Amino acid sequence: MSAEEARPDLLRELNDAQREAVLHGEGPLLVLAGAGSGKTRVIVHRIARLVRELGVFPWHILAVTFTNKAAGEMRERLVGLLGPVLAADLWVQTFHAFGARFLRREAERAGLSPSFAIYDDDDQLRLARRVLAEGGAEEDLSPRDLLGRIDRWKNRALGPGEVSLGPEDEEGRRDRDLYGRYQEALRRAGAVDFGDLLVLPVRLLTEDSGLRSRWAGRFRHLLVDEFQDTNAVQYQLLRLLTGEKRNVCVVGDDDQAIYTWRGAEVGNILGFDRDFPGTRIVKLEQNYRSTRTILEAAYAVISRAGRRREKRLWTENEAGAPLSLLVGDDEQLESERIARAVAAERARGTPGDEIAVLYRTNAQSRPLEAALRAARIPYVIVRGTSFYERAEVRDAAAYLRLALSPDSDLDVERVLNRPARGIGEKTVERLRAHAAARGVSLFAALSEAEAVSGVKPAARRALEGFGTLVKGLSEEVRGLDAGIAVQEVLKRTGLLDRLAAEHSDEAAERAENLAELVAAAREFDESLLGEGPPRDPEEVQPPPLARFLERIALLGEADGETPEGRVALMTLHAAKGLEFEAVFLAGVEDGTLPYERPWEAEEERGESLDEERRLCYVGMTRAKHRLTLSLARRRIGYGAGGPSYREMPPSRFLQDLPPELFGEEVAREVRAREAMARGPRPPIIRRHPGALPGEPHLELDADAFGVELGEAAPAPQRSQDRAARPRSGTTSLREPRVDYSFDQRPEALGGSLARGARVRHEAFGEGEVISCEGSGPDRKATVRFGIGDKRVLVRYLSPA
DNA sequence: TGAGCGTCAATTAGC
DNA sequence: TTGACGCTCA
């Protein structure tokens, strides 16, 4: 208590709920943190308090995230609060990095060398390919499929021996067999894949109670970020590490669970308090990011999701600009409209890197890119990785791994002829056959090159030369600092010289990438120096080169910062965790968002639709001030018979949005339709013909949006007394401002709206109340207007 | 050439 | 589940 007073600065900048989470003492804690509610701040402040106020040793705290970026940001903020010395001893890392660290310490127990290699996607794929080829039975199973199946097993911590099959399941038996061979190949190479980084620790901790109590005892506090993304293994690992004290704090948002398709189990967050009885639940519902309008729209979408923990974001921010809606005849015209709106946004002074265009599938980026390019708007496509995926970088990395473990066949095969030294496919095959016959690794077979049958003298010399090279690396390079080791590898292998001799632009770029790798390795060495010796007495470190390779394997890209001034294009998945001044959500159509999976079984429909809904919610809540939705009336499909168009109905999520949120342009359009209700054109919003009772029943008529609606949305309006105004009127650059001053309406309406009462709505005109639901500012009424039945917020109604 | 039938592929992506 | 494609047969 007095401790908090002694350090008021840690708590002053927190709201009540955040403070409750930070001050929570011992025992399980579940923080349900809505989008933009300051969840990282809670974790970081909680850790700072544990260390600064409660005297917990930093190395007794483990904080886990899902991405390196998140871990990096967290660490950075902890350095700010605790200083670099204390922060350096905290365990702040991804699940996988933790697994790697664990396995290096327990390498012997796991049957691994402490400098084991970590196989990434590409390595895994090549390994799976080889396992399939050696197994003979390639038939219908692609390496990708095999990996997918193995991955699903590993997500549930199942080894080849633990996969349960029905007696008739021949295909399952075959897959399990292949899985076993894949693991065997990994083991022979002394390597692990990403899945093993979690599965192996879980297995060791489960089997060995002594080990378990040692590890569970060492972490007095565990914290997990983005908890809704945890899969079964990760959750198991968490529980194994938690121990009796149960000091586990998980932070997440079930509304932002968008990765169930890759094994994340929303049940982990929904059932957390069941697994940890006595859990304290804190909800963070105050949003610091978005305008009220954006939050209201986002809530209209997410509140209809199935299984979820009810929570509703609120904000002290102003109502802000209305939503905008753009409609194009096809995806090209949609893109062009977006490009023009982006240009308008920039013209208003919003920096390019504060603007994002989000979409459901990567294929949607193409027309967007074309339109942005035509409009001369600089953009960048935000993707996961790139640098360490470059072929030349991977070649160098393979040599580095061989320096540590020459028996890694996969790496030998990769670089055997790189740079080209006259070892062709035939020679490789013969070498492989020889190694298999002798039961030794490819590297071992190299030293018997003269015994490999059928190899011509030139190829034999090449093989021997390569063997000598690898031997030299493993004897003289493995112990060096990473920077020198990389340089040494580039020199000895001739990778760099070969590129220098080429004189092409591409070769120059590749050489530059290799230079970049040297620089990264040097930087890494320096960071090790800066770290100093660990204060945690148990910490043991493998050689610098092994640690650098681990970094390469686990790190996608150094930083995911949007280059200055460029508009960011990315999928909705990639957008999670980010925020932008203005967000464009493209392709808001049924079939695109929600993405349509007609092949899916009926009983799975609801679940995936919920995930699509959450995806939409994630996208909308990225916006700070302006949110524009856009759709195409038809979208192109590919086929050999040329392009064919498919009519796209507006997204059902769009229909969940209260029309009032769209501002004056749409409202004016609605009134115009209403006026010509008997005219030839249909109303902009009409009753959904197929809607069941209780279902969303509004249908947006895309035809009504032939004009570009909302493109010239005004700058956010500064409201003086936001508390008194649930919503101020909307403005238009083209029209004199109209201020509806809703707050001046008779308060009486809020409470006593009787069935049958005559009411008036700004956009829909006069109508008769049919029913009411909810209370307070969220109270809604279904009203029969001239243009059909509508569910509207009562606060937008006045007595007729 | 066209109807009829069987087959196949249809998205998101972290470590 | 859909739609696109290839194959066969009339």
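Two residues count as in contact here if their C-beta atoms, placed from the backbone, lie within 7 Å. Helices (H or I, at least four residues) and strands (E, at least two) are DSSP runs, numbered from the N terminus.

This is a predicted model, where local features need pLDDT of at least 70, side-chain atom pairs count only at pLDDT 80 or more, and totals for chains, interfaces and linings use all residues. Residues are numbered from 1 along each chain as its sequence is written, and chains are lettered from A, with ligands numbered from 1, in the order in which they are written.

Let's start with helix α17 (residues 292-302). Ten of its eleven residues are buried (20 or more other C-beta atoms within 10 Å of a residue's own, C-beta atoms being placed from the backbone), so α17 is largely enclosed by the rest of the structure. Among the buried ones are Arg 292, Glu 296 and Tyr 299. What do the buried residues of α17 pack against? Their partners are α30 (602-620), β14 (623-632) and α31 (652-655).

Now the domains. An automatic or database assignment sets the bounds, and chain A gets domain 1 (2-108 + 197-286), domain 2 (117-189), domain 3 (293-384 + 562-719) and domain 4 (387-554). The centres of domain 2 and domain 4, taken over C-alpha atoms, are 26 Å apart. Eight residues from domain 2 and eleven residues from domain 4 make the contact. On the domain 2 side, β4 (117-119) and α9 (121-135) each give two or more residues, and α9 has the largest share with four residues.

Two helix pairs are worth a look. Axes are lines fitted to C-alpha atoms, for helices over the stretch in contact, and angles run from 0 to 180 degrees between N-to-C directions.

| Helix pair | Axes come within | Crossing angle |
|---|---|---|
| α20 (residues 391-404) and α24 (residues 457-476) | 7 Å | roughly 65° |
| α10 (residues 143-155) and α11 (residues 170-189) | 10 Å | roughly 85° |

That makes α10 roughly perpendicular (65 to 115 degrees) to α11. Leu 146, Arg 149, Ile 150 and Trp 153 of α10 meet Asp 175, Leu 178, Tyr 179 and Tyr 182 of α11.

Likewise, α20 and α24 are roughly perpendicular to each other. In this pair, Tyr 399, Leu 402 and Ala 403 of α20 touch Val 470, Leu 473 and Ser 474 of α24.

Notes: Parallel < 35°, antiparallel > 145°, perpendicular 65-115°, else oblique. Buried ≥ 20, exposed ≤ 12 C-beta atoms within 10 Å, placed from the backbone.
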